[in-house]
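Let's take a walk through this protein together, with the sequence and the 3D view side by side.

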Amino acid sequence: MIQMTDGHLNDLLKKMYANSMEAIFFIDEQGSVVAMNPAAENILDIDVIERMQSGVDDSFCQACKGYTDEKDQISCSKCYLDYPKGDFSSFQVYLKTRGEGVVPYAASYHTIDEERGIRVLMLLDLTKQQKTQEMLQRSNLLKYVIKAQEDERKRISRELHDSVAQELLSSLVDLRVVKYMEVGEDVLKKLQQTEVSLTRLLDDIRHLSVELRPASLDDLGLEAAFRSHFKWIEKNYGMLVDFSAELSAARYGSEIETVVYRVCQEAVLNALKYAGTDEVHVRLCEEDGVLQLTVKDDGIGFNMNENEAKGTGLGLYGMRERAELVGGQFMLYSAIGGGTKVELRIPCSEDNERERETDTR
């Protein structure tokens, strides 16, 4: 242990006082500020400091906008300055600052000179911590909303497939049986028309079920879900999807697979709607521990510098948000006449590996 003389210690304490990021106020037993460090002077308005220097007793109150403890918001009726014996080791105070408005601070307040009644109030700006906490809460809430949305999609999808579609199929079978009975020409024609309508409705319900949440994504993984989806697009819209997959594992975490599938689904849909092309290239691979998705078309493209884009813009916003929720990067490249490329990169971290192992058990 390094031995330190009183002189060295005093020198270090003076440097800490002068250079500390924390605002330090020395307050006497009457509640007046008798000294403050440079950090404290920088946060207070000039007129408040002048009032302090002129000896106005309530000068600090001009900056203080109340404080909170672990229970509730405390008003001036129980001011910490009036309770020298109280436990104010940790609380939160709000000060009107110079140019920043009202700012929250983590505060501690205790006596350092019992004989002279001198106490010290130390404040640490909580703005960054609160913004970080708000972002974390927003991210967690968004994750919960998306998970709830996907769970509900899965439930409705299974309900459509296992209940509604099966009932329709049963009705179609009964209808086809009636066709071979002794019925008139008009009735037979009507039965045939009804059969066509029910068949079309059954196909629509099956497609809606897959769009809501493809069973292949949960049961077989990304590659199988993509191949099924692209086959349906080619059949119904005539757009060719050139798909290649180079994956080092059959399954990834459920959350990651959902994000990759939804981003790809939206990107291909955008190409179908706006690119003016009949072919799109999709590549899915894992390189250096990063799962990468690329969706590229050679269509008309668009000017990325213009605020106004075709569609609502919610699709791009949703893709970017989904990517960020799993620690991924979403990138978009486009130019007029140069096509559009969407890239998604998601690191396969240890947590993702553990989730993937759990999903494959």
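Start with M181, which counts as partly exposed because its relative accessibility is 49%. The scale here runs like this: buried means under 20% relative accessible area, exposed means over 50%, and partly exposed is in between, with a 1.4 Å probe and protein chains only. You'll find M181 in the loop between helix 4 (127-179) and helix 5 (185-212). Helices (H or I, at least four residues) and strands (E, at least two) are DSSP runs, numbered from the N terminus.

The areas come from the Shrake-Rupley method with a 1.4 Å probe, and for residues only the protein chains shown count as cover.

A word on what you're looking at: this is a predicted model, where local features need pLDDT of at least 70 and side-chain atom pairs count only at pLDDT 80 or more, while totals for chains, interfaces and linings use all residues. Residues are numbered from 1 along each chain as its sequence is written, and side-chain values use heavy atoms, with hydrogens and water left out.

Now zoom out. The protein has 10 helices and 12 strands, and 36% of its 361 residues count as buried. It exposes about 22300 Å², of which carbon and sulfur atoms supply 52%. Take the contacts (heavy atoms within 4.5 Å) with a separation of 6 or more: 59% of them are between residues 24 or more positions apart.

Next, the aromatic rings. How many aromatic pairs does a search of the whole structure find? It finds seven. Rings of Phe, Tyr and Trp (its six-membered ring) pair if their centres lie within 6.5 Å; planes under 30 degrees apart count as stacked, over 60 as edge-to-face and the rest as tilted. Y67 and F91 are edge-to-face, because their planes sit at 70 degrees, with the ring centres 5.4 Å apart. Y67 belongs to strand 3 (residues 64-68) and F91 to strand 5 (residues 88-97), so this pair ties together parts that are 24 residues apart in sequence. Both Y67 and F91 are buried.

For a stacked pair, go to F226 and Y261, at 5.8 Å centre to centre with 15 degrees between the planes. This pair links distant parts of the chain, with F226 in helix 7 (residues 222-237) and Y261 in helix 8 (residues 254-275), 35 residues apart. F226 and Y261 are buried too. Ring pairs also bring in F230 and F243, linking them with F226 and Y261 into a cluster.

One more ring is worth a look: K341 lies over the face of Y333, 5.4 Å from the ring centre. A charge sits over a ring if NZ of Lys or CZ of Arg is within 6 Å of the ring centre and within 35 degrees of the ring normal.

On to the charges. The structure holds nine salt bridges, each a side-chain nitrogen of Lys or Arg within 4 Å of a carboxyl oxygen of Asp or Glu. One of them joins E257 and R251, whose closest N and O atoms are 2.8 Å apart; both of these residues are buried. D113 and R116 form another, with 3.7 Å between the closest N and O atoms. Here D113 is partly exposed because its relative accessibility is 22%, and R116 is exposed at 58%.

E343 and R345 meet in a salt bridge as well, at 3.4 Å, N to O. E343 is buried, since its relative accessible area is 11%, whereas R345 comes out as partly exposed at 33%. Salt bridges that share partners also join E246, R283 and E287 into one network.

Finish in a loop, at G327, between helix 9 (314-325) and strand 11 (329-334). Is G327 buried or partly exposed? It counts as partly exposed, because its relative accessibility is 48%. G327 and P347 are 20 residues apart in sequence and 7.2 Å apart in space, C-alpha to C-alpha.
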